[in-house]
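User: Hello! Could you show me how to read a model of a complex, starting with confidence and then moving on to the interface and any cavities?

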Amino acid sequence: MGVTILTPYPLQNKSGAEAIEELSKRLLALGATQAGQFLVDGDIFEHSFKKIKIHVMHNSEYPASVFSILDNGQKQIPLITDLIFDLLMLKVNPIYSSKKMIKIESKGPRFELGDFLVKLGSVTMSQNQNFKGILIEVDYRPCLVPAFCWDLIKEFLQGLLGQQAPTAIPGYFTNTLPSNNPNQHYHRFNDTYQPIDTVQQYLEHFNNYRKQSQAPTI
Amino acid sequence: MDQPAAAMDSLLQALQVNIIPNQEYLLQGSVLDTAVQRVLHRLKGLCDNVESAPEQFSDYEACFSLGSPVTDQMQAQQQPPLFLRVIRKTSEPVDAGTPFQLRYIGNPELGDAKRPTLVRASFDIACSPTICDFLTEMGCQLKFEYTIRGYLFRKGRMKISVSKIFKINQEPISQSYLVELSVLAPSGHDSVAEDMRIFAEKLKPLVLLEKIDYKRLAQMGN
């Protein structure tokens, strides 16, 4: 585990499959080796009459865990549990029900390149597998604090994606968080990175895709 | 290369082939404080961990209920609330990273007289310390909380606990110890119930382990 940055990749008139193939070729040319596939999925359970959503997410990198994020409109509470938590969510069924139409997942090839781990994910939504876009995950494994390795990851992404690479720090790391001391601003950027941070970044992007009304064609 | 299976699919598959231990076979009894040493001695002789002293435990337990959103009284009675317990050890060493456990316990099934033990759905889920906030925001209500301290014995796959329940202010709730004999097994493993009946026989007359009918107990309380 290290620090992971998740970034969407603009398609620019290419189909999803073409873009993944082109990026895969680029990575292999850089000397990366393909190391299996990955899958991150997200499901939403909604309260039958209150405005409470529970996002239940899985990441194949942590196959024994379930990451849940409760969102009541004002704050988010993360919870990490064993896989059996999924069974419990079936038990709360009349009160919280799953919205199958907005189940979303990102899956694709996983590459290793030195200290970096790169995952190229095609995002699909609902049971019809509507294609939504491409999310690239770059994990720099030797480091645990985003502030220490952001520049390195940025440079790596520029080498891989050229002009489409992000130049600014993702908002997830720079948002001010509530802190005990009101004079001191607290950001995730200087904090120790945890697996839930990867899942929360996915959640942000998944929610953006859910909001998009029209999907590009594959 | 193989696509990783969706987590939910692999879990449902595991459930289908009965490898998830989600059924608890249970017998309960109680013994007065003055007689507990005799039961402990007897258990030391009967159980697996003979040479070492019995394992001690001290847990905090909170019970939350998640009510049905149905407002109609009749329907609400048909759909009993869901009870979830949050458990955390309180014996040292404890730090901020000590995991919490979330336990779901279903309705107990007594079965007929032939069935030697009570059976109820039960599963334990290890979870991060945010669980209490998570449950509260989810709409769960804290029903009661207590600490439980005692001894743990093992005999094969059976678990025997002799424990005392305290209020949060450390005041004991009664003058007796709770004795529980339980096995957590996947569904369909009814043969363990017979082993439990035989073991319970060996503890007589020091402690009587029985199927407790909670409904009858509640009526007696009223």
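Analyst: Gladly. pLDDT is the predictor's confidence in each residue, from 0 to 100. This is a predicted model, and in chain B the mean pLDDT is 87, with 92% of the residues at 70 or more.

User: What ipTM and pTM does the predictor give the complex?

Analyst: The complex receives an ipTM of 0.87 and a pTM of 0.88.

User: What is the area buried between chain B and chain A?

Analyst: The size of an interface is often given as the accessible area lost when the parts come together. Here, about 3,000 Å² is buried between chain B and chain A, and carbon and sulfur atoms give 77% of that area. In terms of residues, 34 of chain B are in contact with 38 of chain A.

User: How many salt bridges does the rule find across this interface?

Analyst: A salt bridge needs a side-chain nitrogen of Lys or Arg within 4 Å of a carboxyl oxygen of Asp or Glu. The rule finds one between chain B and chain A: Glu137(B) pairs with Lys75(A), at 3.7 Å from N to O. Five residue pairs are in polar contact across the interface, both residues being at pLDDT 80 or more.

User: And how many cavities of 30 Å³ or more does a search of the whole structure find?

Analyst: The search finds one. The largest cavity has a volume of about 60 Å³. Its lining includes Met1(A), Tyr62(A), Lys119(A) and Glu137(A), and the lining residues divide into two nonpolar, four polar and four charged.

Technical notes. Residues are numbered from 1 along each chain as its sequence is written. Chains are lettered from A and ligands numbered from 1 in the order in which they are written. Side-chain values use heavy atoms; hydrogens and water are left out. On a 1 Å grid over the protein atoms alone, a cavity is a set of points where a 1.4 Å probe fits but cannot get out, and a pocket is an open set with protein on both sides within 12 Å along at least five of seven lines; lining residues have an atom within 4 Å of a point. Grid points are joined across faces, edges and corners, and a volume is the space filled by probe spheres set on the points. Ala, Val, Leu, Ile, Met, Phe, Trp, Tyr, Cys and Pro count as nonpolar, Asp, Glu, Lys and Arg as charged, and the others, Gly among them, as polar. Contact means heavy atoms within 4.5 Å. Buried area is the accessible area (1.4 Å probe) that two parts lose on being put together, summed over both. A polar contact is a pair of N or O atoms within 3.5 Å; within protein, one must be able to donate a hydrogen and the other to accept it, and residues adjacent in sequence count only if both atoms are side-chain atoms.
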